[in-house]
Amino acid sequence: MNDRSAQRLARLQEALASGGTLHLRDAAELCGVSEMTIRRDVTTQPSTISLLGGRLVMASYPGVTPVYDLTEQQASHYQIKHRLCQRVASLIEEGDTLFIDCGSTLIPLLSQLSHFRELTVVTYALNVANAVAALPNVRLVLLGGLFYASSQSFGSDGMRTAIERLGINKALISAAGVDCERGVSCFHFHEVAPKQAAIATAMQRLLIVDASKFGLVRPAYFAALSDFDIVVTDDEHAPKLLDCLPRASLSVTVA
């Protein structure tokens with residue numbers, strides 16, 4: 001590691017020492033270099049800093065897993081996720097336009113969409129698009145941009161606007177962390193804009209999450225629990241998590 005790179009990383013570690021996050025743009029301004037230089041420092045040099053989406057976090061930040069492995073996540077709690085998706089499928093109606101989130105939770109749902117005669121799927125996830133593209137009954141809207149291999153998803157500045165222009169019946173949202181006080185969160189900051197746009201636009205908002213995510217806080221906050229109409233989970237004790245919510249219309253469905 002050269003001296004200048006080491007100095008930049010030390011400055012960034014000092015800025016992140018309080019346990020917060022730092023946008024890549026702000027990190028570049030702090031160090032007086034380009035965003036590409038900061039990205040290269042963090043990804044090519046040994047350090048305790050991780051780049052998640054467009055933000056820097058300390059690898060030791062509480063509740064943060066530095067590396068998100070989609071294959072590993074898909075294998076985790078697969079049977080539970082399959083049951084959750086069966087319950088979600090029972091809530092889908094013919095002709096629906098569905099926003100399907102990225103990640104592993106909703107993957108078991110995709111094979112069940114072949115039972116419908118007509119659906120539209122809106123997604124920014126490549127693995128979701130690949131699965132539904134082969135279904136003759138599904139019209140696919142794939143939102144593009146910069147590809148993030150770790151989550152098999154795309155991100156762009158214009159994605160929020162593109163989603164808001166669509167008529168979405170149901171937003172199917174997954175999460176990596178659900179906490180009553182700190183809200184609903186995920187690993188990657190580029191996922192925040194499409195999740196929030198879908199929640200704001202959809203007629204009905206469903207949070208699909210297994211109980212292993214309860215009590216966890218991930219780096220990228222994107223919604224409060226009260227932003228959803230239905231929570232689909234596998235934990236019969238989930239209502240206890242929602243006791244603090246003032247919104248009486250939010251319902252919990254246990255798979």
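Predicted model: local features only at pLDDT ≥ 70, side-chain atom pairs only at ≥ 80, totals over all residues.
Strand E11, residues 183-186, is joined to strand E13 by three bridges, and the two run antiparallel. Now widen the view: E11 and E13 belong to an open sheet of three strands, ordered E10-E11-E13, with antiparallel pairing. Strand E10 (177-179) and strand E13 (220-223) stand at the edges with a single partner strand each, so one side of each has no neighbour in the sheet. From one strand to the next, the twist averages 30 degrees. Helix H9, made of residues 192-201, packs on this sheet and touches E11 and E13. The direction of H9 makes about 10 degrees with that of E13.

In soluble globular proteins, nonpolar side chains tend to be buried together. Here, the largest nonpolar core has 59 residues, and those touching the most other members are Phe99, Ile100, Leu109, Leu113, Val184, Leu207 and Phe222. Helix H5 (residues 78-89) gives the largest share of this core, five residues. To see what such contacts look like, pick out Leu113: leaving aside residues up to four places away in sequence, Leu113 touches Ile92, Leu98, Ile100, Leu119, Val121, Val132, Leu135 and Asn137.

Next, follow the chain back to helix H1, residues 3-15. At 1.5 Å a residue, its 13 residues should span 18 Å, and because its end C-alpha atoms are 18 Å apart, the model agrees with that expectation. Which residues of H1 are buried? They are Ser5, Arg8, Leu9 and Leu12. These four cover an arc of only 95 degrees around the axis, which means that they sit on the same side of H1. Asp3, Gln7 and Glu14, on the other side of H1, are exposed. The cover over the buried residues of H1 includes strand E1 (22-23), helix H2 (24-31), helix H3 (35-44), strand E2 (49-52) and strand E3 (55-58).

Our last stop is a glycine. Gly145 lies in the loop between strand E6 (138-142) and strand E7 (146-148). Is Gly145 buried or partly exposed? Its relative accessibility is 44%, so Gly145 counts as partly exposed. Gly145 and Gly155 are 10 residues apart along the chain, yet their C-alpha atoms are separated by 5.1 Å. Not counting residues up to four places away in sequence, Gly145 touches Phe154, Gly155 and Ser156.

Methods:
Residues numbered from 1 in each chain as written. Heavy atoms only, no water. Pairing = 2+ DSSP bridges. Axes fitted to C-alpha atoms, helices over the stretch in contact; angles between N-to-C directions. Contact = heavy atoms within 4.5 Å. Core = buried A, V, L, I, M, F, W, Y, C linked by side-chain atoms within 4.5 Å. Buried < 20%, exposed > 50% of the residue type's maximum accessible area, 1.4 Å probe, protein only. Expected span 1.5 Å × (residues − 1). Arc of directions from axis to C-beta.
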